[in-house]
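Let's take a walk through the charged side chains of this model. Have the sequence and the 3D view ready, and we will go from one pairing to the next.

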Amino acid sequence: MSSIVAIVGRPNVGKSTFFNRLIQRREAIVDAVSGVTRDRHYGKSDWNGKEFSLIDTGGYVKGSDDIFEAEIDKQVELAIDEADAIIFMVDVESGVTGMDEDVAKLLRKVSKPVFLVVNKVDNGKRAEDAVEFYSLGLGDYYTVASINGSGTGDLLDALVEALPEIEEVEAEENPLPRFAVVGRPNAGKSSFINALIGEDRYIVTDIAGTTRDSIDTKYNRFGFDFNLIDTAGIRRKKKVREDLEFYSVMRSVRAIEHADVCLLVVDATRSFDGQVQNIFWLAQRNRKGIVVLVNKWDLVEKDHKTTVEFEKYIRKQLEPFTDVPIVFMSTLTKQRIYKAIETAVEVYNNRSKKIKTSELNDTLLPIIENRPPPALKGKFVKIKYIMQLPTPQPQFAFFCNLPQYVAESYKRFLENKLREIYDFKGVPISIYMRKK
C-alpha cells in the first residue's frame with residue numbers, strides 16, 4: 001500500500017494542473033473558471049522510487065461564498081483526517097485571501113506534514129511577492145509553477161521524505177484472497193454485503209483489517225475462502241457528519257490498493273458517470289482484478305434489448321480495457337448476488353494464472369511470425385522469446401532486437417491474443433518489450 005497525499009485549497013489556485021503534472025496524465029479538467037473540479041480526482045504518482053496516491057480535492061461553488069466556505073472546510077477536515085500528508089496550495093497572483101486564512105487555521109492544528117505551496121511563481125518578482133504567505137503561520141513555503149513544473153522537484157523531495165514508511169506485514173503462509181466492494185455512496189455496497197453474510201451466516205470472524213478503517217469479513221462460498229473488504233459499513237469518525245463523496249473516495253483508495261479483486265458496485269438507475277469511471281481506472285492502474293456489478297436491476301424498466309444495450313454502454317466507457325465481466329443483480333431480491341461472487345473467484349483465478357514459458361513460446365511465436373510488428377523507418381523487429389514475469393498479476397516480457405520500435409497498437413494486439421488464448425477476463429495485463 002502507498003501513502004495518501006491530499007491537495008487542498010480554494011478554487012482556481014491550480015490544484016488540478018499540479019495534480020495532472022504529478023500523475024503525468026491529463027485527468028482533472030483545468031479551466032480558468034473557479035469550481036470546475038466537482039468530482040474527486042485521484043491517481044498514482046512516485047518520486048525517487050517512493051509511490052503515493054494523490055487526491056485532488058477540488059472545490060465546490062454552490063450559490064454563495066458562505067456556503068462554499070462551509071463545504072471547503074469539510075473537505076479540508078476530511079483530508080486532515082484521512083491523508084498521510086497535505087499539500088496546501090495558494091496563488092501568488094491573488095495573494096493571501098480570507099479563504100486561505102480559514103484553511104490555514106484548520107491546518108495549524110494538525111500534527112501531520114503540511115506543505116504550503118505557492119503556485120504560479122514563474123519569475124523573480126513573483127518569488128519576492130510570495131513572502132507574504134509567511135503570515136499564514138505555516139512556516140516555510142515552496143514556490144512552484146504548475147503549468148511548467150518549475151519548483152516541483154524540491155517540493156517532492158521534501159514530501160516523500162516526510163511520508164510514513166509503510167510497515168512490512170509478515171506474509172501469511174496461505175493468505176486468503178481479498179475482495180474489495182467499492183463504488184459511489186448509495187450504490188448498494190452495504191446491501192450487497194448484508195445480503196451475502198446475512199442469509200447464509202458464513203461469517204467466521206470480524207477483524208479490524210490492515211487496511212485502515214476497513215472491515216475484513218472471512219467468508220466462504222463454493223468451497224472457496226476469501227476476505228470480503230467492506231468499504232461501505234465502515235465505522236464513522238467523529239468529524240464525518242455526512243457520507244460525503246470525498247470520504248468515499250479515500251476509503252476506496254485504501255481498500256483498492258490492498259485488494260486482489262475489486263467488485264465495483266454501480267447503481268443501475270444512474271449513469272456510469274465520471275466518479276464511477278475514476279474508481280474503475282484506479283483499480284485498473286493498480287493492476288487489480290475487476291468485476292462490475294450493476295445493482296438495482298429490478299428497478300429498471302426492461303425489454304429484450306435493455307441488458308445488451310446497457311452492457312454495450314458500460315463497455316464503451318471502459319475502452320480500451322473492455323474485457324471485464326459485468327453482472328446485473330439486485331441486492332433487494334438477491335438476484336445474482338452469488339453469481340457476482342462466483343465471477344469474482346473466476347477473476348481471482350485468472351489474475352493468479354501462471355503459464356509455462358515453453359507453452360507461451362510454442363503458442364505465440366508462430367502467431368507473431370505470421371503477423372510480425374510493422375517495420376518502422378526500415379527497421380524490422382524480430383521477437384525471439386516470451387516469458388511471464390514472477391509477479392502477483394499477469395505481466396509478460398517479449399524479448400526482441402529493437403524494443404523501442406514496437407508500437408502501442410502492436411502491444412494491444414499481443415495482449416488481445418493472450419486474452420483470447422488464456423482467458424484473462426477481468427484482469428489488467430502488462431506487456432513489456434525487452435532487448436534480447
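**Charges and where they sit**

The count comes to 13 salt bridges, where a salt bridge is a side-chain nitrogen of Lys or Arg within 4 Å of a carboxyl oxygen of Asp or Glu. This is a predicted model, in which local features need pLDDT of at least 70 and side-chain atom pairs count only at pLDDT 80 or more, while totals for chains, interfaces and linings use all residues. Residues are numbered from 1 along each chain as its sequence is written, and side-chain values use heavy atoms, leaving out hydrogens and water.

Start with R351 and D260, whose closest N and O atoms are 3.4 Å apart in a salt bridge. This pair links distant parts of the chain, 91 residues apart: R351 belongs to helix α10 (residues 337–351), and D260 to the loop between α7 (245–257) and β11 (261–267). Helices (H or I, at least four residues) and strands (E, at least two) are DSSP runs, numbered from the N terminus. Both R351 and D260 are buried; buried means under 20% relative accessible area, exposed over 50%, and partly exposed in between (1.4 Å probe, protein chains only).

Now turn to helix α9 (residues 306–318), where R315 and E311 lie four residues apart, about one turn of the helix. Their side chains meet in a salt bridge at 2.9 Å, N to O. R315 counts as buried because its relative accessibility is 19%, whereas E311, at 24%, counts as partly exposed.

Another salt bridge joins E319 to K316, with 3.6 Å between the closest N and O atoms. Here K316 is exposed at 52% relative accessibility, and E319 is partly exposed at 44%.
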